[in-house]
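Please examine the structure shown below together with its sequence.

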Amino acid sequence: ENNSTQVKLKLNYKRTAIIGFAFFGILLLWQVYDSWCPLFLTNLFKTTFGKNEKEVQYLVGIVMALDNLAALIMLPIFGKLSDKTHTKIGKRMPYILIGTFCCAIAFPFIPVLFHYHNLAGTIVLMAIVVFFAMMYRNPAVALMPDITPKPLRSKANGIINIMGYIGGAFATVVGLVFSFSKYLGTKDNPNEYWFNKTANIWLVEGPFLVASVLMVISALVLFFTV
């Protein structure tokens, strides 16, 4: 092409960062999920089967690996569905909104069921969260290439990754504020001991509530600005 007809492309940093809010919510969710759910499962399996921590780790590993198996199956399905979807709010946004809001509703109930020693309920809620997380993950990642010219996608991808890692870092900070060891207590402090059901549920509920609220906010910002 003639130089005079070439259009100089410029990345819209503000819009790209806002799109990154979707990735922010994804990594925030998974960081909380991967940090807390293995602890929940370890304690539930120990009390349910009367085993020590080492003896139940293989069960914890199996349950936690199921989200990777689900990803292999569901991510391509929802990615393909969103490619074929046409609505007034676009082809990605319906999956992002439904997936985010359903995740945000279900997510805080995982520690509630754990608190009441409900192993089956905890695993079922984890599966529900994984399902809806998979629903919006691929459409959220695909949103940037949909509206960003090809020569600028590498730079835009860097911004989106930064937003995602901020979400993961924020989840780590939240984990420092809420302590699982304080929730469990010790046998030397029976009034705080988890098995006496006197533990403060907010010590485990807090990270999940914070993650859910921020996920909803990130989805709403994305919806109303992009």
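The model is predicted. Its protein chain contains eight helices and zero strands, so that the order along the sequence, by the definition of these elements, reads α-α-α-α-α-α-α-α. Taken along the principal axes, the C-alpha atoms fill a box of roughly 80 × 30 × 30 Å. The chain has 226 residues, of which 46% count as buried. Among contacts between residues at least 6 apart in sequence, 76% join residues at least 24 apart.

Rolling a probe the size of a water molecule over the atoms shows where empty space is left. A search of the whole structure finds one cavity of 30 Å³ or more, and the largest cavity has a volume of about 40 Å³. Its lining consists of Phe-21, Ala-22, Gly-25, Ile-26, Ile-96, Thr-100, Tyr-136, Met-215, Ser-218 and Ala-219. Helix 1 (13–49), helix 3 and helix 8 (202–225) each supply at least two residues of this lining, and the largest share, four residues, comes from helix 1. By residue class, the lining divides into seven nonpolar, three polar and no charged residues.

How many disulfides does the structure hold? The number is zero. For Cys-37, the closest cysteine sulfur belongs to Cys-103 and lies 12 Å away, which is too far for a bond. For Cys-103, the closest cysteine sulfur is that of Cys-102, at 7.7 Å, and this distance is likewise too far for a bond, because a disulfide requires the two sulfur atoms to be within 2.5 Å. Cys-37 counts as buried, at 0% relative accessibility, and Cys-103 is buried with a relative accessible area of 0%.

Leaving aside neighbours within four places in sequence, Phe-132 is in contact with Ile-98, Gly-99, Cys-102 and Cys-103. Is Phe-132 buried or exposed? Its relative accessible area is 19%, and Phe-132 therefore counts as buried, since the limit is under 20%. Phe-132 and Asn-200 are 68 residues apart in sequence, and their C-alpha atoms are 29 Å apart in space.

Two loop residues complete the account. Arg-92 lies in the loop between helix 2 (53–84) and helix 3 (93–106). With a relative accessible area of 6%, Arg-92 is buried. Which side chain makes a polar contact with the side chain of Arg-92? The partner is the side chain of Ser-82, at 2.7 Å. Once neighbours within four places in sequence are set aside, the residues in contact with Arg-92 are Gly-79, Ser-82, Asp-83, Pro-139, Ala-142, Leu-143 and Asp-146.

The other loop residue, His-117, is found between helix 4 (109–115) and helix 5. The backbone of His-117 has a positive phi of about 60°, although this residue is not a glycine. His-117 has a relative accessible area of 27% and is therefore classed as partly exposed, as the value falls between the limits of 20% and 50%.

Notes: Residues numbered from 1 in each chain as written. Predicted model: local features only at pLDDT ≥ 70, side-chain atom pairs only at ≥ 80, totals over all residues. Heavy atoms only, no water. Buried < 20%, exposed > 50% of the residue type's maximum accessible area, 1.4 Å probe, protein only. Polar contact = N/O pair within 3.5 Å; in protein donor to acceptor, adjacent residues only side chain to side chain. Contact = heavy atoms within 4.5 Å. 1 Å grid on protein atoms, 1.4 Å probe; cavity = no way out; pocket = protein on both sides within 12 Å on 5 of 7 lines; lining within 4 Å. Points joined across faces, edges and corners; volume = space filled by probe spheres on them. Nonpolar A, V, L, I, M, F, W, Y, C, P; charged D, E, K, R; others polar.
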